[in-house]
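A guided account in running paragraphs would be welcome.

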Amino acid sequence: MNDVNKNLSSMILEHFGKDTVQIESLKPGLIAIHASSEKNRDIIKTFLDADDEATLSAISGVDLGDSTEVLYHIRTHGTIVTLRCIVPRNKPTIASITDLIPGANFHERETADFFGVTFKGHPYPKRLLISDDWPEGVYPLRKDAEIPSPETKAEVLPEEEMTTRAEGTRTVKIVIGPQHPALLEPERFLVDVDGETVTKVTPRIGYCHRGVEKATESRTYMQDVYLVERICGICNSCHSTTFCQAVESILDVEVPSRGKFLRTIVLELNRIQSHFLVLGHAGHEIGYDALFQYMWRDREIAMDLTEILTGNRVITSFLAIGGVRRDLEEKTKPRIMEDLKKLRERAEFYKHLFEEDRTVRMRTEGVGVMDKKEALSLCVVGPVARASGLKIDVRKEAPYAAYGEVPYELISRTEGDSWARLLVRAEEVLNSVDMIEYAVNNLPAGDFKIRVPRRVAEGESISRVEAPRGELFYYVKSNGTQSPERVKIRTPTVTNLYSVIKLTEGGNIADVPAALVSLDPCFSCTDR
Amino acid sequence: MCASRLVRWAEKRSPWLLHFNSGACNGCDIEVVALLTPRYDVTRFGIQLEPSPRHADVLLVTGVVTRQCAERLKRIYEQMPKPAFVIAIGACGCSGGVFAGNYPLLSGVDKVIPVDMYIPGCPPKPEAIIDGVVKLLKTLEASEDE
């Protein structure tokens, strides 16, 4: 336990006393607080009061048989503190914290969908991920849930918001999605407009929900690496790295440093191709298709590098528990260096373009402004948070893989608008190229993988990785068998997407795509 | 008769594609979009990605078909002018892939709408998708000769 955690736990003990809360440790070197379910709001409030930059990272549930455990993962002082509250199965009610942290909205609805926990005082307690035709009262992540066959369908009632139209107002409702030219993925946004001004946005997600969290429980750890990788085709290596790190932490094994460097290279390649993708897509959304075509052409350099390193273009299948699956061959190094040089030239050009170009600035400057305080209350992460002046990055807070050694630089801005969010990404690409170059040149000799046992002893751990879209969070609980007991996956877009409500309200309807794309939403990550 | 031959001729020379994601991981979708960009550039075959189902000849479906998406996929297919062709892209679209059998899924495009062509892979390379579309066009040509 480090100093920060010691201070935190003594603060909590001082506040509530040993009778109300118990403190225990959680891997890797984190602390968890056991408390009664009535105290959840008080304890979270104490954390928020004690640290200006404290916010919620995730809420997860675990089925314990006759009761359900609700875990609040709070990010404070660059570390995670977990608050665990147990609610009985026959009366699963706990107070909502959405008035303290509005960003908890989606997390609470998700826990309600999966475990049937009622969050008292939630402003919009509707289904989030589970489909509309899913039978009432079946909570899929409970261990004893009887999964209905695809033919069993509940009656889908027409939704209230879609059918009622307020009399006497000028408000018009526009439905964007699930199939829409501006959306690559299916998700629905109901936009209320008064003239040209957006008055309200209601997202309905869950169109991509594939039940990955439940599926991990019926597969082995080795199979799960390939399953979680397929949550997202863009940041796939980030998912597998986070999962592998969580399992390695329970197993108490250390990855050889060559493996760590190779992980860093593939993670940064992920970031480069993801940022090029979204910057190009932003060009498309603001009506600048030449930029889209140029950026996607140059994105192919990063795809080629990924193929040289891992053997695959998109889904890399590069990670394994205990290291990586392939070594970097010495003979490919000159080609990698040559490609990195090209990539750097292009990245510098695009950074300049995003800084100077009139079209880009006119469409994105001052659009969807979010200040630092709002960023905290909406729990945003990654480039979205960094563009609002919030200096958070897992690579800095809790370095994993080889991030302690490569030349990393935290890039942040203070404007908080769509332009700043795009520019942060354009600058990060340059830093990523530096890191890959350093890692390839200073690749340590030795093994790139160690053998690990197939069975994982009982335990639980938390793992975090800075994915291209922000902090990716995994909570893994093992039960001594070959399959995990519970895997909670909190992807960056789940927490970033809620802010779209704030970003677009009061703005122009034509600015909605520009604001949405600047969040870089990945709906396949969101829905899992 | 003459009109249907004209339609066939136009479809063969310039098929318009509609892409629908029915719950994919983004891997296949990004590869479909990559088809339009300079390295693969399918526009040179007269192929164009079209946002509206009412203008499309070929429906490219990626993803596992989730419960929430199934009804929508059916409606999109019904909105397309016939004859319409369906290509299922990726292991997920073909059979459910790595997710097959999970609770919110129907696992496979052919559970909902008829499929004319399967392109397996996780994800298939852009070259494989081009190959699939070109093969579909060849079958159209063969059916015209009959």
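In what order do the five strands of the open sheet in chain B stand, and is their pairing parallel or antiparallel? The model, which is predicted, gives the order 2-1-3-4-5 for this sheet of chain B, and the pairing is parallel. Strand 2 (48–49) and strand 5 (117–119) of chain B stand at the edges with a single partner strand each, so one side of each has no neighbour in the sheet. Within the sheet, strand 3 (residues 58–62) and strand 4 (residues 85–89) of chain B are joined in the parallel sense by five bridges. One position in this pairing is V61(B), which stands opposite A88(B) of strand 4 of chain B.

Two helices of chain B may be considered together with this sheet. Helix 2 of chain B lies across strand 1, strand 3 and strand 4 of chain B, and runs at about 145 degrees to strand 3 of chain B. Helix 3 of chain B also packs on the sheet, where it touches strand 1, strand 3 and strand 4 of chain B. The direction of helix 3 makes about 170 degrees with that of strand 1 of chain B.

The loops of chain B contain two peptide bonds that deserve attention. A cis peptide bond joins K82(B) and P83(B), with omega of about 5 degrees. P83(B) is placed in the loop between helix 3 and strand 4 of chain B. The peptide bond from C122(B) to P123(B) is cis as well, and its omega is near -10 degrees. P123(B) is found in the loop between strand 5 and helix 5 (126–145) of chain B.

The account now turns to chain A. An open sheet of three strands in this chain has the order 13-14-15, and its pairing is antiparallel. Strand 13 (459–467) and strand 15 (484–490) of chain A are the edge strands, each of which pairs on one side only. From one strand to the next, the twist averages 15 degrees. Strand 14 (residues 470–478) of chain A is joined to strand 15 of chain A by six bridges, and the two run antiparallel. Here Y475(A) stands opposite K488(A), which belongs to strand 15 of chain A.

Helix 7 (residues 236–251) of chain A lies across strand 13, strand 14 and strand 15 of chain A. Its angle to strand 13 of chain A is about 150 degrees. In the loop between helix 7 and helix 8 (257–285) of chain A lies D252(A). D252(A) has a positive phi of about 60 degrees, although it is not a glycine.

Side chains of opposite charge can pair when their charged atoms come close. Over all chains, the count comes to 49 salt bridges. One of them is formed by E460(A) and R84(A), whose closest N and O atoms are 2.9 Å apart. E460(A) lies in strand 13 of chain A and R84(A) in strand 5 (residues 79–88) of chain A, so this pair ties together parts that are 376 residues apart in sequence.

It remains to describe how the two chains meet. The contact involves 53 residues from chain A and 40 residues from chain B. The size of an interface is often given as the accessible area lost when the parts come together. Between chain B and chain A, the buried area is about 3800 Å², and carbon and sulfur atoms give 61% of it. On the side of chain B, R67(B), Q68(B) and Y103(B) lose the most area to chain A, and together they make up 24% of what that side buries.

Across this interface there are five salt bridges. The side chains of K125(B) and E307(A) meet in a salt bridge with a distance of 2.9 Å, N to O. The interface of chain B and chain A also has 14 residue pairs in polar contact, with both residues at pLDDT 80 or more. Strand 1 (16–21), helix 2 (27–34) and helix 3 (67–79) of chain B are the elements that give two or more residues to the side of chain B that touches chain A. Helix 2 of chain B gives the largest share of that side, six residues. By class, the side of chain B that touches chain A has 25 nonpolar, nine polar and six charged residues.

Definitions and conventions
Residues are numbered from 1 along each chain as its sequence is written. Chains are lettered from A and ligands numbered from 1 in the order in which they are written. This is a predicted model: local features need pLDDT of at least 70, side-chain atom pairs count only at pLDDT 80 or more; totals for chains, interfaces and linings use all residues. Side-chain values use heavy atoms; hydrogens and water are left out. Contact means heavy atoms within 4.5 Å. Buried area is the accessible area (1.4 Å probe) that two parts lose on being put together, summed over both. A salt bridge is a side-chain nitrogen of Lys or Arg within 4 Å of a carboxyl oxygen of Asp or Glu. A polar contact is a pair of N or O atoms within 3.5 Å; within protein, one must be able to donate a hydrogen and the other to accept it, and residues adjacent in sequence count only if both atoms are side-chain atoms. Helices (H or I, at least four residues) and strands (E, at least two) are DSSP runs, numbered from the N terminus. Ala, Val, Leu, Ile, Met, Phe, Trp, Tyr, Cys and Pro count as nonpolar, Asp, Glu, Lys and Arg as charged, and the others, Gly among them, as polar. Two strands pair if DSSP finds at least two bridges between them. Axes are lines fitted to C-alpha atoms, for helices over the stretch in contact, and angles run from 0 to 180 degrees between N-to-C directions.
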